[in-house]
Structures are given as C-alpha cells and as structure tokens.
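Here is a short report on selected local features of a protein model. Have the structure open as you read.

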Amino acid sequence: MISIQNITKNFDNNIAVNNLSLEIKNGEIYGLLGSNGAGKSTTINILLGFLKPDEGFATINGIDTTSDFISARKHIGYISENVSLYPYLSGLENLDYFCKLSGKTLGQNKLHKLLRECGLENGVHNKRIEYYSKGMRQKVGIAIALAKEASVYLLDEPASGLDPLASNELSIMLKKLSKDNAAILMASHDIFRVRETCNRIGIIKKGELVKEMNTSDVSTKELEKIYIDYIQN
Amino acid sequence: MINIIIVEWKRFIRNKLFVYVTAFFILSLLLIVFLGIEQNYNQQLRQTQAQKYVRQQWESLENVNPHRAAHYGTYAFKPVNVLNSMDSGINDITGNVIKLEGHVQNEIVYSEASQSLSISKFGKLKSSLILQYVIPLFLIFLAYGSLSNEKETQRLKLLVFQGTSLTKITFAKSLSVWIYGLTLLVITIFIQSILGETDLEIFTRMMFIIISYGVYYFIVSSLATYLSVRLRNNTSALSSILAIWIIWTIFLPKIWGNAVEKIYPLPSRQSFKTSMKIDRSKGIDGHNPTDKRREDLKVKYLAQYDVDSLKNLPINFDGIVMQQDEEYGNLVWDKHFGNNYNILQRQKTLFQISGILNPFVSLQSLSMGFCGSDMYHHLDFLKKSEDYRRYLLKTLNDKHAYGGSRTGDWKWTVGSNFFKSIDDFSHQIPKITSQMEHYLIDMICLLFWGFMLPMIIKHRTNRDLV
Amino acid sequence: MSGYYQILMSESLHLIRSPFKIITLLLFIFAMVYGCKNGYELFEKQNNEINAISKENKASINEMIVQYEAIESGDQEKPRRDPTTPYWAIWNTPSYAFKHPSSMMVFSLGQAEQYGYYKRVTNWSSTFDSDLSEEIANPERLAIGTLDFNFVFIYLYPILMIILLFNIGGLEKDLRFYRLIYLQNITNAKWLFARFSFYFIITFLLMVGFTSFSALLAGVLKNELPNFINLLFTILAYILMWFTIFFFINYFGKGSSDQAMKMITIWLALCIVIPGIVHQITSTRYPTNYMTDYLDVSREHSNDIFESSADTLRMILLSSFPNLEHTQFSADTIMDKSIINRSVSGLVNVLNKNVAFKIESLNKDKNEFIKKFNPINPITVFQNQINSIAGTDYYAYHHYRRYIQSIIDEKIELILEDTWNKKVVNKEKYIEYVTKFN
C-alpha cells in the first residue's frame with residue numbers, strides 16, 4: 001500500500017509538490033497524470049526515498065520513506081522512463097546481477113522464466129542489452145522488479161517511447177501484477193495508456209492534485225477533455 | 001568557423017570552473033616562473049662564486065713550478081642559464097664540477113640527484129612541467145566532450161543540417177581549445193621574459209619554445225577533438241585520449257629510452273678505464289724517467305738543438321715531455337670519449353625517431369634543447385672545458401719548457417703574474433641557430449603530427465559519424 | 001555478507017566484458033615484467049662487474065707475489081716504488097670497496113644509477129672522489145628514468161586503478177539507472193565497497209603473486225625474506241591509500257567522465273605536481289653543492305701540508321695519531337723525510353673526513369627538509385621506502401661511503417704503524433695485507 005500524506009516539496013522557492021495526499025491500495029493501479037514539471041517525478045522520488053519532503057510524509061506498506069527508506073525500498077519495484085542497464089551484459093546477466101544486489105540468487109531456470117513472463121523470448125535472453133530495443137529493456141526492468149517480489153510498483157513514464165504493441169504488453173503486465181495484489185503508481189502524461197491500464201486516475205498540476213476519478217467513470221475522450229481543461233485553467 | 005569558435009569560448013567563459021581553473025593556472029605559472037628564476041639565480045650565484053673562488057686561488061699561486069700548477073689544476077663549474085629556470089632537463093642528474101688538471105681528463109661529478117633522497121621522478125615544478133603535463137591534460141578535458149556531448153544531445157545533427165560541415169565543426173572546436181593552450185603558453189613566456197633576463201639569443205630560443213609547444217598543443221587538441229567525434233560517447237572519448245596521453249608521456253619515453261641504451265650500449269666505467277689505461281700506456285709517461293719513448297724523444301731533441309746531453313739543452317726537456325704526454329693523452333681521450341659521444345648521439349637520434357609514434361618525446365627534446373639543458377648542451381660544456389684544459393696545460397707546459405728553466409730544474413718557479421695572464425674558463429650557451437641540426441628530427445616529427453591530424457580530420461569526419 | 005560476496009563475485013563479469021580494462025591489465029603486467037627485468041639486469045650487471053674487478057684484483061695480487069719472490073731470490077731489483085716498504089706494499093694491495101647489490105634491486109633501481117658501486121680504495125682516497133660518480137650512461141635516459149618495478153608500482157598502478165575503477169558507479173550514473181541499484185536492498189556505499197573490494201583483491205593478489213614469483217627467481221626469498229615481507233606491507237599500504245582516495249571520488253562522483261577527470265587530477269597532483277613542488281622548494285633552499293670545501297682540501301689544504309717542514313708534520317702526525325708515540329720512528333732523533341712523506345696521507349684523510357662530515361651534514365639537513373613534506377607528499381615517501389627496502393636509496397649509498405671511509409682509515413692506520421715501525425714487507429707480510437683488505 002502506498003500512502004502520501006500532505007507532502008510539500010520546494011526547490012529554491014519553486015513549489016514542486018504542494019500538500020499532496022493520496023492512497024493506493026493493494027491490487028490498485030493509480031495513474032498520475034500531469035504535464036512536464038507538474039511534480040509527478042518529485043512525488044515518485046519522495047516515495048523512493050531519494051528526496052525528503054519539506055512537509056508531510058509518505059509510507060510504503062506503512063514504512064516511512066524518509067526515516068526508514070532502506071526498509072521501504074525492500075517493498076518497491078521501480079521502472080523508470082529509460083531502463084538503461086549494463087550494455088555489455090546480456091538481459092539474463094543483468095537480471096541475475098540485480099537479483100544478487102537484492103540478496104537473491106536465482107537459478108538459471110527461474111531467471112529465464114522471469115524474463116519469459118515479462119514477454120522476452122528465450123532467444124534474446126543471452127543477447128547483450130546494447131542490442132535490445134527500448135521495449136525489451138523495459139521488460140528486463142520489469143523482470144528485475146518482479147524478481148524482487150515487490151508489493152509496490154512505482155513507474156515513472158514507463159510507456160514513453162514505446163511502440164503501441166510494447167505499450168500494450170506493459171499494460172497487460174501491470175494488470176497482472178495488480179491482480180497479484182500489488183499497489184502500482186504510474187506517473188505519465190499518456191492519457192490513453194493511463195486510461196487503458198489504471199483503476200484510478202489523479203491529475204496533478206503545479207504539485208497539487210487537482211482532480212481524482214475512477215477509470216470506469218470516464219472514457220478516453222472525456223478524460224482527455226478533463227485533463228486539458230484542468231491543465232489550461 | 002569563427003562563429004563556432006566564439007560560441008565555444010562563450011561556453012568556456014560562462015563555466016565558473018573554467019574561469020577559476022584558468023585564474024589558478026595563470027597565478028601558478030606566475031609563481032612557478034618566479035620561483036624558477038629565483039632558484040636559478042641562487043644557483044647561478046653559487047656557481048659564479050665557486051668559479052671566482054677557484055680563479056682567485058689560481059691567481060694567488062706564487063712561485064710555483066708550472067708542472068706543479070698543472071697538478072694543482074683548476075675547476076670548471078657547469079653554469080646555468082636563465083632558460084634552465086623553465087626546463088632543467090638533465091641538469092639535476094648530471095654532475096656540476098669537473099677538475100681540469102695535467103695527465104688526466106676527469107669526469108664531471110657531484111650531481112644534485114646524488115646529494116639527497118630521491119624526490120620527484122618527473123622533475124622539479126618548473127614551467128616546463130606544467131606546460132608538458134598539466135596543460136595538455138587540461139586541454140584534453142576541454143576537448144574530449146566537445147563533440148561527443150553534441151552527439152549525445154543530438155545538437156550535432158542540428159549543426160550539420162544547418163549546413164556546416166562536420167569537418168569544419170571539428171576544426172573549429174579543436175582550434176578553440178588550442179587557442180586556450182596557446183594563450184597560457186604565451187602568458188608563461190611573457191612572464192618569463194619580464195622576470196628573467198632576455199637578450200636576442202634567449203628571445204630566439206623562446207620563440208622556438210612557443211612554436212614547439214604550440215604545435216604540440218595543436219596535436220593534443222586536434223586528437224582529442226577527433227576522438228570526440230569518432231567515438232560513441234564521452235566516456236569512450238575520454239578514456240581513449242587519456243590512454244594515449246599515458247602511453248605518450250609515461251610509458252613510451254621510458255621503454256624506448258631503455259631500449260635505445262640496449263641497442264647502442266655504452267661501455268662500463270671499468271672497461272672504459274681499462275681500455276683508456278691500455279692505450280695511454282702506449283704513450284710517454286711524463287713522470288717515468290725510464291720510459292723508452294721518452295728516450296726516443298730525448299734523442300730527437302738533442303739532435304735538433306745539436307747538444308749531447310739534456311743539461312746542455314737551452315730549453316727544459318721536462319716541459320716537452322709533459323706536453324708530449326698530454327698530446328698523446330688527448331688523442332687517447334678523443335678516441336675513447338669520441339666513441340662514447342658517438343654512441344650517445346646515436347642513442348639520442350634513435351630516441352628522437354620515436355617522435356613518429358610519440359610527439360611528446362619530440363616536444364620534450366625540443367624543450368630541453370631550446371632551454372639549453374639537454375645532452376647536446378651538456379656535451380658542449382664538456383667539450384669546452386676539455387678545450388680549456390688543453391689550452392691551460394699547453395700554456396703551462398710551454399712555460400715549463402721554454403720559460404727559461406733547464407731540464408731537471410724542478411725548483412724553478414714562476415710568479416703569480418704568469419698565472420694571472422692565463423685566461424679563465426668561461427662558458428656561454430651556444431647559439432641555438434648553430435645547434436638546430438640536432439633538433440631536425442624532433443621538428444619534423446612534430447610537424448608530421450601537426451599536418452597529419454588535420455588531414456585525418458578532413459578525410460575521416462563525415463556525416464555518417466553524426 | 002552474502003550479498004557483499006555475491007556482488008564481489010559478479011564483478012568478474014564486468015571486468016571480463018571490458019576489453020579496454022583487460023588490455024590495460026595485461027599492459028600493466030607487461031610493464032611489471034619489464035620493470036623487474038630491468039632491475040634484475042642491473043643487479044646482474046653490477047654483480048658481474050664486481051666479479052670482474054675481483055678477478056682482476058686476484059691477477060694483480062699474483063703479479064705482486066711473483067715480484068716479491070723475484071726480489072727475495074735476488075732475480076729482480078727493487079723498483080722505483082719499493083714494494084718492501086709498507087707504504088707501497090699497501091698501495092699495491094688492491095682493495096676495492098664494493099656495494100654489493102641486494103637481490104631486492106629487482107624491485108627498485110632507486111638511486112643506484114646515480115652512484116658508483118665499486119671503488120678502488122687507497123690511503124689517498126676520499127668518499128667524494130670522482131670515481132664514485134655514476135656509471136657512464138646517457139644523461140637524458142637517466143633524466144627520463146628507468147622503468148623499474150618501483151616506478152611501475154608507484155606511478156602506473158594508480159593509473160591502472162583509474163582505468164579499472166573510473167566507471168564503477170559512474171556508468172550507472174551516465175546511463176541513469178543508478179537508482180535501480182540503490183533500490184536493490186543495498187546502500188551506495190556497500191555496493192561500491194563490494195565492487196572496489198574485487199579490484200583490491202585481484203590487484204593485491206596480482207602484486208603478491210608477481211612479486212613472490214620474481215623474488216623466487218631472483219633469490220630474494222632465500223636472502224632477503226624480511227625485506228621482502230616489508231615490501232609486501234608497503235605495497236598493501238600504498239594500494240589501500242589509492243583505494244581510499246578513489247572510493248571517495250566514486251562515492252561522490254557524478255558520472256564516469258567526472259570521476260575519471262577527478263582521479264587523473266589527483267594522480268597528477270600526487271605523482272607529478274606535489275613532488276615537483278617539494279623538489280623545487282628544496283632546490284631553492286638547498287642549491288646544488290659545488291663541494292668547494294672538499295675541493296679546497298684536495299688542493300689548497302693538502303698543498304699546505306706538503307709545504308710544511310718534516311718536523312712540523314711529525315708533530316702534527318703524533319698529535320693526530322697518538323698511538324704512533326710507541327713506534328720506533330717516534331723514538332728516533334734523526335729525521336727520516338721519506339717516512340713523513342709516506343705518512344702525510346693520514347693528515348689529508350683527517351681533513352677529508354672533516355669536510356665529508358660537513359657535506360654529509362648538509363645533505364642530512366636537506367633530507368630532513370624533504371621529509372618535512374612527507375604528510376603532503378606520500379608518493380615520494382612510498383617511493384623512497386621501496387628504494388630503502390631494495391638498498392638503493394640515498395642512505396644505502398651513505399652507508400657505503402662510511403664503509404669506504406672505514407677502509408681508508410684502516411689502510412692509513414696500517415701504513416702509519418708499519419712505516420713508523422720501519423717494517424720491511426716480504427711476500428708473507430704482503431699476503432697478510434691482502435687478506436686484511438680483501
């Protein structure tokens with residue numbers, strides 16, 4: 001479960017996040033929509049424990065991300081906009097290395113299985129990452145998060161630059177994770193992808209959460225109109 | 001191209017770190033040049049004092065037999081010139097004092113390196129150290145990302161599709177960096193000429209120093225920029241140019257230096273001395289009255305003066321023998337030291353040829369050469385001191401032989417006026433124009449690199465690289 | 001702990017996948033081999049030279065013995081330099097002072113190329129004679145220096161480390177996936193430490209392995225084991241110093257290029273600029289000594305001695321060497337000038353020793369001054385430490401000069417004693433001299 005309580009973050013008198021509160025329960029995929037510089041990445045960085053909020057607090061499964069970020073991180077799977085792994089290692093080796101970093105030694109079969117689950121066929125597992133497309137790297141990133149058996153997933157513009165097929169596969173993967181009871185926060189400005197993937201959507205503007213809605217309540221077109229209205233006003 | 005250079009300089013100047021580093025460089029160079037000149041001045045003062053002191057001793061010789069004075073001898077102290085404050089070259093490890101006396105050619109002794117613990121493997125902090133090691137490295141730091149950054153941020157595409165050729169961009173970027181190096185170089189030389197004494201000879205040498213370093217900086221900035229455009233990213237460009245820098249400055253000079261000494265080996269001191277001794281023993285021994293060659297010479301002189309015994313000779317035969325001994329000794333010395341000199345020159349030439357692969361050795365050689373602190377200038381000092389020794393000994397032996405004494409009269413003495421009348425030893429740094437032949441290979445190698453790199457840039461940078 | 005171990009073991013994969021690093025490592029090994037080879041060659045050359053001189057000495061001793069036999073049997077007249085007098089007999093006793101190279105020289109040539117290592121010692125010798133200057137060598141090559149193990153280790157090892165470590169933690173920042181690392185239940189410091197440990201272990205093991213192998217080949221383990229262990233500890237301390245510096249650079253680094261630039265700047269500062277500054281300051285404070293004091297003794301003062309009357313010299317000799325009081329000549333009422341002439345080298349030696357003391361004191365002050373900079377000049381400290389272990393530093397040659405002086409003193413004492421006791425030297429006595437000085 002992800003919980004954000006009244007967090008505020010300033011950078012040199014510029015407000016990045018302003019009194020933001022939200023809760024994402026297990027099994028829920030929350031889409032945080034906002035334009036560039038709206039405060040989406042700052043929010044994710046606070047949840048990851050890389051930034052300390054000026055006010056308020058955030059918890060992951062009840063663990064404070066500021067005071068005990070090391071414990072909190074154990075529960076987090078993170079997928080960034082650009083998953084750039086070690087270019088000279090293969091997808092399999094990268095996965096193995098990151099698993100070891102988190103203290104897990106998985107057998108070759110398990111590693112292959114994880115990659116396959118994320119949509120990577122056996123044939124590419126031993127190819128170096130430098131030859132992977134962005135979508136394939138993204139899948140390795142998801143495999144890393146899966147291997148960690150995280151209960152919370154934070155995604156920062158995960159579909160940016162992905163082709164429609166890869167983007168769709170990502171949605172399927174996230175839905176599968178939410179079915180397995182994971183709490184997922186996906187920051188994006190891709191209205192269509194958010195609408196297709198998430199259960200709940202929040203619109204963030206100048207660090208404030210200006211609108212929240214259930215996906216089932218809006219069509220993609222309606223969502224686009226709401227989003228533009230809020231951002232323009 | 002000018003526009004690109006201007007923009008590049010704006011980039012430099014608007015970077016605070018660059019401004020601080022430049023200010024730091026200029027202040028350091030000012031301090032280093034000042035300290036170098038100060039240290040040089042101290043050394044020069046000591047050298048002059050020492051030379052004056054032994055001259056005073058020489059001039060105060062009173063009622064001494066000329067041959068005794070030949071054994072008393074004098075000393076030549078290796079002088080320092082004002083440009084040694086920029087590059088001390090080999091001065092720290094060669095000796096500084098050479099005794100000039102009868103019968104024997106001594107070696108130059110008492111090097112600075114033998115008078116204390118080892119300190120620096122790359123020499124004292126003179127301006128040459130900054131100009132050879134630190135500034136090129138800074139030029140590399142400025143240049144390595146100049147194009148790879150543009151590539152990574154996709155700006156390069158924009159520039160090229162605006163109609164500027166990649167070759168032009170590469171040249172402009174490398175020139176921007178080169179101008180910076182050249183500015184620091186000119187500032188150094190300017191400070192040196194203001195703080196140190198400058199005459200026409202020193203000025204000429206300084207101009208050659210500017211040209212040599214200028215070409216080297218051009219090579220470094222062009223190569224770094226070229227690698228920056230050729231290689232995939234910043235890191236590859238930086239690691240490659242650093243690897244080249246390390247190979248050029250640290251690795252190759254030592255490995256090649258050791259190799260040339262093995263290709264053209266010098267004799268060991270012991271074998272050198274033994275062979276000198278063997279050859280010397282074939283000549284007259286001035287102090288051995290039973291020497292057979294002495295007898296032959298005696299017969300010759302008795303016949304020449306038409307007398308039957310040495311007592312009746314109007315001259316002092318001992319002086320003649322001593323001069324004969326010297327002249328034979330000189331021949332032996334010329335043969336053996338000449339052989340060593342030849343080997344040293346062959347070693348130097350072979351070392352200079354490595355400039356084809358490593359322009360740094362060419363620069364180092366030219367820097368030492370133009371600052372008057374390389375092997376050729378050292379050998380020039382040794383030669384001049386030996387010439388002086390021969391002049392001194394001949395004057396003493398001639399006085400001994402023809403000054404009015406008779407053979408066997410070892411108690412005959414001459415006054416201080418005679419010793420004062422003998423010129424003192426003085427050594428001036430040779431005119432650089434007379435030494436240029438020694439540095440042709442270095443100059444050719446530097447120019448080769450200076451022309452080759454622009455050619456490579458011209459032919460190997462094309463749109464594909466964008 | 002197991003996580004640490006896992007990262008450490010995984011690092012080999014990163015290394016193997018970087019051909020540039022592997023090539024650098026191989027080049028470094030090549031440089032070490034080349035450096036040790038140079039050290040071993042000089043060690044062998046010096047030993048061979050010493051052996052050749054010893055052989056020559058034996059030949060000249062045999063010649064002298066034949067000469068004594070001929071004189072004693074009446075087949076030969078005494079030559080101009082009469083070998084039956086103790087003075088000429090000792091003069092003709094070839095005694096060389098050798099600085100036998102330590103087998104540890106394989107690891108450091110140090111200042112060995114700046115000094116002589118053999119010297120024919122006579123009663124007229126001093127510790128600053130010109131035959132104690134360096135071997136004949138190309139001065140430019142000497143200025144550039146020889147690539148020995150010490151140089152490779154002190155100057156090139158940090159460069160190897162820069163190449164191996166510059167992108168550790170930097171690549172992740174360049175490619176912006178460092179956050180992914182920190183999210184894997186490990187802190188930046190631990191992860192970096194584990195990765196650094198790998199390079200620390202492999203390079204330290206490489207150094208230990210290589211030096212042990214070289215030591216085995218050069219006979220170091222048999223003759224110089226304590227010094228070799230000392231070398232290993234010095235290597236360990238030096239490696240630790242660089243790892244600590246580089247660790248902090250990478251910990252606070254912003255990317256590979258940033259780290260590489262900082263590392264190379266630190267290397268430049270520690271290896272070239274700071275020693276250069278210390279060298280320059282030392283030279284300004286203590287300019288090169290032209291040894292005019294020493295030159296004075298060898299000319300002016302000895303001249304004064306030669307010009308003194310025999311009676312004066314006898315008095316001075318008796319006061320300088322009180323044990324001469326009990327000799328035959330001291331009781332004589334008739335003056336024998338030849339005995340005095342053969343004894344004056346003793347007085348010149350006293351003057352030489354006084355001057356040598358002054359010069360050595362000045363050098364000592366200079367060294368103390370250099371050592372004051374040790375806290376900011378670690379490279380020179382380690383360099384001289386290895387030179388010292390290999391017996392090739394200034395102090396090793398300082399001891400050698402003291403050894404030479406002790407032989408000079410012994411020779412003079414013997415000349416004075418036997419000359420003043422009017423001893424006649426025959427073959428047996430000559431052999432006694434030979435045994436004493438060889």
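Start with helix 13 of chain C, residues 310–320, in this predicted model. Ala310(C), Leu313(C), Arg314(C), Leu317(C) and Leu318(C) are buried there. Look down the axis of helix 13 of chain C: the buried residues fall within an arc of 135°, so they line one face of the helix. Turn to the other side of helix 13 of chain C, and Asp311(C), Met315(C) and Ser319(C) are exposed. Buried here means under 20% relative accessible area, and exposed means over 50%. What covers the buried residues? The cover of helix 13 of chain C includes helix 12 (292–307), helix 14 (328–331), helix 15 (337–341), helix 16 (344–372) and helix 18 (394–420), which belong to chain C.

Next comes chain B. Leu27(B), Leu30(B), Leu31(B), Phe34(B), Leu35(B), Phe190(B), Ile194(B) and Leu195(B) make a nonpolar surface patch of about 780 Å². Two or more residues of the patch come from each of helix 2 (16–59) and helix 7 (166–195) of chain B. Helix 2 of chain B gives the most, with five residues. Phe190(B) belongs to helix 7 of chain B. Its relative accessibility is 52%, so Phe190(B) counts as exposed.

Now move to chain A. Four strands form an open sheet there, in the order 2-1-4-5, with antiparallel pairing. Strand 2 (14–24) and strand 5 (63–64) of chain A stand at the edges. Each has a single partner strand, so one side of each is left without a neighbour in the sheet. Strand 1 (residues 2–11) of chain A runs antiparallel to strand 2 of chain A, and seven bridges join them. In strand 2 of chain A, Asn14(A) stands opposite Phe11(A).

Chain A also has backbone angles to check. Most residues other than glycine have a negative phi. Glu149(A) has a positive phi, and this residue is not a glycine. Lys206(A) is not a glycine either, and its phi is positive too. The table sets out both residues.

| Residue | Phi | Loop in chain A | Relative accessibility |
|---|---|---|---|
| Lys206(A) | about 45° | between strand 9 (200–205) and strand 10 (208–214) | 65% |

At 65%, Lys206(A) counts as exposed.

Key. Residues numbered from 1 in each chain as written. Chains lettered and ligands numbered in written order. Predicted model: local features only at pLDDT ≥ 70, side-chain atom pairs only at ≥ 80, totals over all residues. Heavy atoms only, no water. Patch = residues over 30% accessible without salt bridge, like charges linked within 9 Å, V, L, I, M, F, W, Y side chains within 5 Å. Areas by Shrake-Rupley, 256 points an atom, 1.4 Å probe, with all protein chains shown as cover. Salt bridge = Lys/Arg side-chain N within 4 Å of Asp/Glu carboxyl O. Buried < 20%, exposed > 50% of the residue type's maximum accessible area, 1.4 Å probe, protein only. Arc of directions from axis to C-beta. Contact = heavy atoms within 4.5 Å. Pairing = 2+ DSSP bridges.
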